Amino acid sequence: MKGWKMYSKIHQLKEDGLNKSHKTVLKYWDMTPEEYKKYQDSCRRRKRKLDKYEDFILLLLRTHSDYTVSQLQDRLWEHYPEEKENIKYSTLRRFVKDIREKYNIPKEKTLRQYQAVADPPLGYQAQVDLGTIKVKDTSGNLVKLYAIAMVLSR
């Protein structure tokens, strides 16, 4: 419970005659609404790692609202290659979600068109999957391994 909801609940309990027993309650117990508003205004939001890219991400989202987080991450890595290690997927996902809410940019959903195709002759079609993994070698150093798997159609 945060913000005005918590403040209102505390003052409702105060009017009901309950005792103040927690530090949080003590903090807001005798605060007037004006004092609480001033307190809230004085609290600052922490600076986030990706704040410096907000304008760039906003520009991309306004021109391509259907971009996925992975696509945005690729664009950031292209424009800021020196920051590649600092732009992590999960951090970017939360940041993009906040930007979409703040600027009211909903993600457009594109419908994929599917249709049946005639079966090709044996061995003419394949599915290929690529993968990478980081493992430690015998010396304890991280090594990146690349793998490929292919399945022929039948």
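**Close-up views of a predicted model**

**View 1. Cover over helix α4.** α5 (69–79) and α6 (89–102) are among the elements that cover the buried residues of α4. The model is predicted. Helix α4 spans residues 54–63. Its buried residues are Glu54, Phe56, Ile57, Leu58, Leu60 and Leu61.

**View 2. The packing of α5 against α6.** The axes of α5 and α6 lie 10 Å apart, at an angle of about 110°. Angles of 65 to 115 degrees count as roughly perpendicular, so α5 and α6 are roughly perpendicular to each other. On the α5 side, the contact involves Val69, Ser70, Leu72, Gln73 and Leu76. They meet Tyr89, Leu92, Arg93 and Val96 of α6.

**View 3. The salt bridge between Glu54 and Lys102.** The side chains of Glu54 and Lys102 meet at 3.3 Å, N to O. This pair links distant parts of the chain, with Glu54 in helix α4 and Lys102 in helix α6, 48 residues apart. Glu54 counts as buried, at 11% relative accessibility. Lys102 is exposed, with a relative accessible area of 56%.

**View 4. The salt bridge between Glu83 and Lys52.** The closest N and O atoms of Glu83 and Lys52 are 3.9 Å apart. Glu83 sits in the loop between α5 and α6, and Lys52 in the loop between α3 (33–42) and α4, so the pair ties together parts 31 residues apart in sequence. Glu83 has 17% relative accessibility and counts as buried. Lys52 has 57% and counts as exposed.

View 5. The closest N and O atoms of Lys97 and Glu101 are 3.4 Å apart. Lys97 and Glu101 are four residues apart in helix α6, so about one helical turn separates them. Lys97 counts as partly exposed, at 48% relative accessibility. Glu101 is exposed, with a relative accessible area of 54%.

**View 6. A network of salt bridges.** Arg48, Asp51 and Asp98 are linked in this network. Across the whole structure, a search finds seven salt bridges.

**View 7. A nonpolar patch on the surface.** The patch is formed by Val128, Leu130, Ile148, Met150 and Leu152. Together they have about 570 Å² of accessible area. Strands β1 (126–136) and β2 (142–152) each supply at least two residues of the patch. β2 gives the most, with three residues. Val128 lies in strand β1. Val128 is partly exposed, with a relative accessible area of 41%.

Technical notes
Residues are numbered from 1 along each chain as its sequence is written. This is a predicted model: local features need pLDDT of at least 70, side-chain atom pairs count only at pLDDT 80 or more; totals for chains, interfaces and linings use all residues. Side-chain values use heavy atoms; hydrogens and water are left out. Patches are made of residues with over 30% relative accessible area and no salt bridge: like charges are joined within 9 Å, nonpolar side chains (Val, Leu, Ile, Met, Phe, Trp, Tyr) within 5 Å. Accessible areas come from the Shrake-Rupley method with a 1.4 Å probe; for residues, only the protein chains shown count as cover. A salt bridge is a side-chain nitrogen of Lys or Arg within 4 Å of a carboxyl oxygen of Asp or Glu. Buried means under 20% relative accessible area, exposed over 50%, partly exposed in between (1.4 Å probe, protein chains only). Contact means heavy atoms within 4.5 Å. Axes are lines fitted to C-alpha atoms, for helices over the stretch in contact, and angles run from 0 to 180 degrees between N-to-C directions. Angles under 35 degrees count as roughly parallel, over 145 as roughly antiparallel, 65 to 115 as roughly perpendicular and the rest as oblique.
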